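Hi there,

Here is the structure I promised to pass along. Have a look at it first, and my notes on its pockets follow below.

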Amino acid sequence: MTFISMQHIEKRFGDQEVLKDVSLEMKRGEIVSIIGPSGSGKSTFLRCLGQLETIDGGTITVDEDVLASTDAQGIVTYADKSKAHDILLRMGMVFQSFNLFPHMTVLENIMVAPRMVKGMKDKDILPIAERLLTKVGLWEKRYGYPSQLSGGQKQRVAIARALTMDPEILLFDEPTSALDPELTGEVLKTIKGLAEDHMTMIIVTHEMNFARDVSDRVIFMADGIIQEEGTPEQIYGNPTSPRTRAFLESML
Ligand code: ADP
Ligand code: MG
């Protein structure tokens with residue numbers, strides 16, 4: 001059964017067509033990586049699913065809930081605020097920049113969303129927060145501040161923070177791009193751990209080897225369209241599009 005369905009997504013910024021008919025269907029537990037040159041629309045596509053951008057055409061559904069749909073006249077209709085918010089709560093997002101609150105401890109950073117958004121009580125959040133900090137290997141840093149952490153540790157806190165909301169899918173937008181090379185491994189290892197737990201994930205990444213290892217499916221996007229998609233074996237082993245081949249050669 002389809003979990004996430006994005007059909008014929010179109011997005012323009014001014015007169016620039018950034019997404020031209022991009023479609024993606026995912027089942028629960030699937031891991032899809034999106035690769036491609038910068039400026040190809042990868043972030044925009046993810047941001048449309050995460051409600052950080054509105055679409056100009058197409059349909060987005062999560063299970064049976066329609067977030068946005070487009071009629072035959074090309075008029076886009078969004079779900080009402082409360083339904084859109086419910087859909088949003090089912091997703092966790094992790095970005096290149098970690099966006100931690102600098103004046104809060106690690107523990108406070110990951111407790112704030114369940115408290116503010118879900119109205120949960122601290123005594124109920126604390127065991128979850130501590131379990132997740134243990135999972136990302138940062139329990140001993142719980143009373144530290146973001147400024148005392150490395151970039152890799154900050155990103156692991158950001159992942160734990162996304163997980164405290166108990167999302168059904170995680171969206172990663174280049175989670176290691178802001179990190180020094182020696183720190184990417186610990187973040188990729190954390191994401192791999194989630195993959196082993198069968199977390200549903202969409203991962204936009206420039207880490208080609210990681211995408212090959214972790215994904216069920218790899219999408220190569222360029223110029224606002226999906227140029228090619230397939231299993232990692234197909235995409236890396238036998239790409240059909242010369243464009244994919246050239247991109248991979250430039251990256252590997
Ligand atoms: P990618 O993530 O693949 O690098 P993006 O989705 O970030 O690509 O961007 C695709 C194109 O859309 C780029 O040309 C970018 O400049 C443009 N773009 C992205 N966001 C905006 C925005 N908020 N306003 C105007 N143009 C944007
Ligand atoms: Mg991007």
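A quick word on terms before the notes: a pocket here is an open set of grid points with protein on both sides within 12 Å along at least five of seven lines, and a residue counts as lining when it has an atom within 4 Å of a point. Please keep in mind that this is a predicted model.

Let me start with the second largest pocket, which holds about 190 Å³ of space. Its lining is made up of Ile128, Arg131, Leu132, Lys135, Leu163, Thr164, Asp166, Pro167, Leu194, Asp197, His198 and Met199. H4 has the largest share, with 4 residues. Sorted by class, the lining of the second largest pocket has 6 nonpolar, 2 polar and 4 charged residues.

Now to the largest pocket, with about 570 Å³ of space. Its lining counts 19 residues, and those nearest the centre are Met91, Met93, Ala113, Arg161 and Met165. Where does the lining come from? At least two residues each are supplied by helix H2 (81-89), strand E7 (91-94), helix H3 (106-118) and helix H5 (151-164). H3 provides the largest share here, 4 residues. In this lining, 14 residues are nonpolar, 4 are polar and 1 is charged.

Best wishes

Conventions
Residues numbered from 1 in each chain as written. Chains lettered and ligands numbered in written order. Predicted model: local features only at pLDDT ≥ 70, side-chain atom pairs only at ≥ 80, totals over all residues. Heavy atoms only, no water. 1 Å grid on protein atoms, 1.4 Å probe; cavity = no way out; pocket = protein on both sides within 12 Å on 5 of 7 lines; lining within 4 Å. Points joined across faces, edges and corners; volume = space filled by probe spheres on them. Nonpolar A, V, L, I, M, F, W, Y, C, P; charged D, E, K, R; others polar.
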